[in-house]
Amino acid sequence: MTPGEGGAARPRVLLVGGGAGLAGRALLEEFRSTHEVRSVHRHPSAREAELGVEWVRADVARVTDWRPILAGVDLVVNVAWYRAGADRRFRPLARGLERLIRTSETTGVPRFVHLSVPEATPHIEAHLPYMVRKREVDRALAASSLSYSILRPTMLFAPRDVLLTVMLRTMARWHRFPMFGDGEYHVSPVSAHDVAAIVRREATLDRRGVVEVGGPRRWRYRDLTEFLFDSLRLRPRYWQMSPRNGIRLARLLETLGSSLLYAYEVEWLVSDRLGLAPYAGLDRPLASVEGFVRAEAARLRPAAYPSRA
């Protein structure tokens, strides 16, 4: 450990997957003032350099010996994963994380917090490499002797997210938004900064288990989209399509190289499995979607875009 102010030693957290992604950025902000942060990923990050983070250049999928990287580490937090891709992408990453888990056991890492995902449809769970390999990592951690929490947050929101910000931009630009089916399914978005605070709390606990993490409000999806339109001062207007056609549209976008929307995300959304209950345990209220949306909408007023009748 590294001496901190007044000569006191600060605990060291190993951030696996780096601080450039949505969750990683929030975790850097959460831990930087109280922990020494060691971050392992492939490419340098200007923000990590600015914060004095110890960067270890490595591909998580290819690390064969984790012992030097784990030296002096008090807490492992894993956020490493991809949003999409073939099995040839996910399988090596899963094997690398399993090696990390085994080495954490043998070196005596005190605590391990792993960000996973909520339950999906049986089809996604059984056939999508993204999910099949994710669950292999979940099971490897559960089968270990480590003290661990597997967190399963639902949809994350924060500036530059791929959820609410993208939805608002689409509405502001086109004055319409896709609606898959009747919109009666539910979501409970949770702030990335709240997830970082939850990671910190879970890091202090001595337990082993899976924790579902929802935001403060369980929204009917149609109500959420109407609130987004209203925040932009627009009348709700939709490209109405069946869930099946929504999945087809997402597959077409994938084929064209777009990362805007993936077919499994549509299937997951309409399955009504993303309206998780709010996490209980923080010493403050969870951040509301309403406040975030209003602030983002103020920057994205339709006046910035040409009118689309």
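R133 is buried in this predicted model, with a relative accessible area of 13% (buried means under 20% relative accessible area, exposed over 50% and partly exposed in between, with a 1.4 Å probe and protein chains only). Its side chain meets that of D87 in a salt bridge, at 2.7 Å from N to O (a side-chain nitrogen of Lys or Arg within 4 Å of a carboxyl oxygen of Asp or Glu). This pair links distant parts of the chain, 46 residues apart, with D87 sitting in helix α4 (residues 87-107) and R133 in helix α6 (residues 129-143). Helices (H or I, at least four residues) and strands (E, at least two) are DSSP runs here, numbered from the N terminus. D87, for its part, counts as partly exposed, at 27% relative accessibility.

As for the ground rules, residues are numbered from 1 along each chain as its sequence is written, and side-chain values use heavy atoms, with hydrogens and water left out. Since the model is predicted, local features need pLDDT of at least 70 and side-chain atom pairs count only at pLDDT 80 or more, while totals for chains, interfaces and linings use all residues.

R135 is buried, at 8% relative accessibility, whereas E125 is partly exposed, at 22%.

Overall, the structure holds 24 salt bridges, and one of them joins the side chains of R38 and E54, at 3.1 Å from N to O. R38 belongs to strand β4 (residues 36-41) and E54 to strand β5 (residues 54-57), so the pair ties together parts 16 residues apart in sequence. R38 is buried, with a relative accessible area of 7%, and E54 is partly exposed, at 36%.

Helix α7 (residues 164-174) is another story: 8 of its 11 residues are buried, so the helix is largely enclosed by the rest of the structure. The buried residues in α7 are L164, T165, V166, M167, L168, T170, M171 and A172. What covers them includes β9 (156-157), β10 (177-180), α9 (221-231) and α12 (289-299). Just after α7, H175 takes a positive phi of about 60°.

Terms used. Contact means heavy atoms within 4.5 Å.
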